[in-house]
Amino acid sequence: MGRTVLHTRGLRLEYLSLGWNAIAGTAAVVTDISAASVALLGFGLDVAIDSLASLILVWCFWQEAHGSAPSKKAEQKATLSVGITLLVAGLYIVGQAAHSLLTRTA
C-alpha cells in the first residue's frame, strides 16, 4: 500500500475525529450550561484539546499528502504541540479530581 493511500486514510480518520469531536464537544457544553456540571465542562474542554491535537495531525498529513513533506523541525513542533495539548488535558483532569477529593464534592 502506497504512502499516498495511507495519507488519504489518515486524513479521513482525522476529519472523522474532528467531526465527532465537534458533535460531542457541543453537546457537552450545551448540557453543561443547563446542568451546571463541572464534569461536563471538563469533558468539553478535553474534547477541545483533542481537537487541537487532531488539527495539528491534519496539518502534517495534508502537507505530506500534497508532496511538501514537513521538515524535521516542523514534525518536532507538531509532536511537541500534540504532547503539550494531551498533557494539559491530563493535568486538568487530575486537578479536577484532586479538587473533588479535597472538597469532598461529587
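Trainee: Why is Ala48 called partly exposed?

Mentor: This is a predicted model, and in it Ala48 has a relative accessible area of 44%. Buried means under 20% and exposed means over 50%, so 44% falls in between and Ala48 is partly exposed.

Trainee: Where is Ala48 found, and how far is Ala48 from Ala89?

Mentor: Ala48 belongs to helix α2. In sequence, 41 residues separate Ala48 and Ala89, while their C-alpha atoms are 9.4 Å apart in space.

Trainee: How do you know whether Ala78 is buried or exposed?

Mentor: Its relative accessible area is 7%. The cut-off for buried is under 20%, so Ala78 counts as buried. Ala78 is part of helix α3. Ala78 and Cys60 are 18 residues apart in sequence, with 7.6 Å from C-alpha to C-alpha.

Trainee: Which residues make up the largest nonpolar core?

Mentor: Five residues do: Ala53, Ile56, Cys60, Ala78 and Val82. Both α2 and α3 give two or more residues to this core, and α2 gives the most, with three.

Trainee: What makes such a set a nonpolar core?

Mentor: Its members must be buried and joined through side-chain atoms within 4.5 Å. As a general point, nonpolar side chains tend to be buried together in soluble globular proteins.

Trainee: Why are α2 and α3 called roughly antiparallel?

Mentor: Two packed helices are described by the angle between their axes and the distance between the axes. For α2 and α3 the angle is about 170° and the axes are 10 Å apart. Angles over 145 degrees count as roughly antiparallel, and therefore α2 and α3 are roughly antiparallel to each other.

Trainee: What kinds of residues form the contact of α2 with α3?

Mentor: The contact divides into 17 nonpolar, four polar and four charged residues.

Trainee: What is the volume of the largest pocket, and which helices each supply at least two residues of its lining?

Mentor: The volume is about 230 Å³. The helices are α2, spanning 38-65, and α3, spanning 72-103.

Trainee: How many residues line the largest pocket, and which lie nearest its centre?

Mentor: Twelve residues line the pocket, and Val38, Ala39, Gly42, Gln96 and Ser100 lie nearest its centre. By kind, the lining has six nonpolar residues, five polar and one charged.

Methods. Residues are numbered from 1 along each chain as its sequence is written. This is a predicted model: local features need pLDDT of at least 70, side-chain atom pairs count only at pLDDT 80 or more; totals for chains, interfaces and linings use all residues. Side-chain values use heavy atoms; hydrogens and water are left out. On a 1 Å grid over the protein atoms alone, a cavity is a set of points where a 1.4 Å probe fits but cannot get out, and a pocket is an open set with protein on both sides within 12 Å along at least five of seven lines; lining residues have an atom within 4 Å of a point. Grid points are joined across faces, edges and corners, and a volume is the space filled by probe spheres set on the points. Helices (H or I, at least four residues) and strands (E, at least two) are DSSP runs, numbered from the N terminus. Ala, Val, Leu, Ile, Met, Phe, Trp, Tyr, Cys and Pro count as nonpolar, Asp, Glu, Lys and Arg as charged, and the others, Gly among them, as polar. Axes are lines fitted to C-alpha atoms, for helices over the stretch in contact, and angles run from 0 to 180 degrees between N-to-C directions. Angles under 35 degrees count as roughly parallel, over 145 as roughly antiparallel, 65 to 115 as roughly perpendicular and the rest as oblique. Buried means under 20% relative accessible area, exposed over 50%, partly exposed in between (1.4 Å probe, protein chains only).
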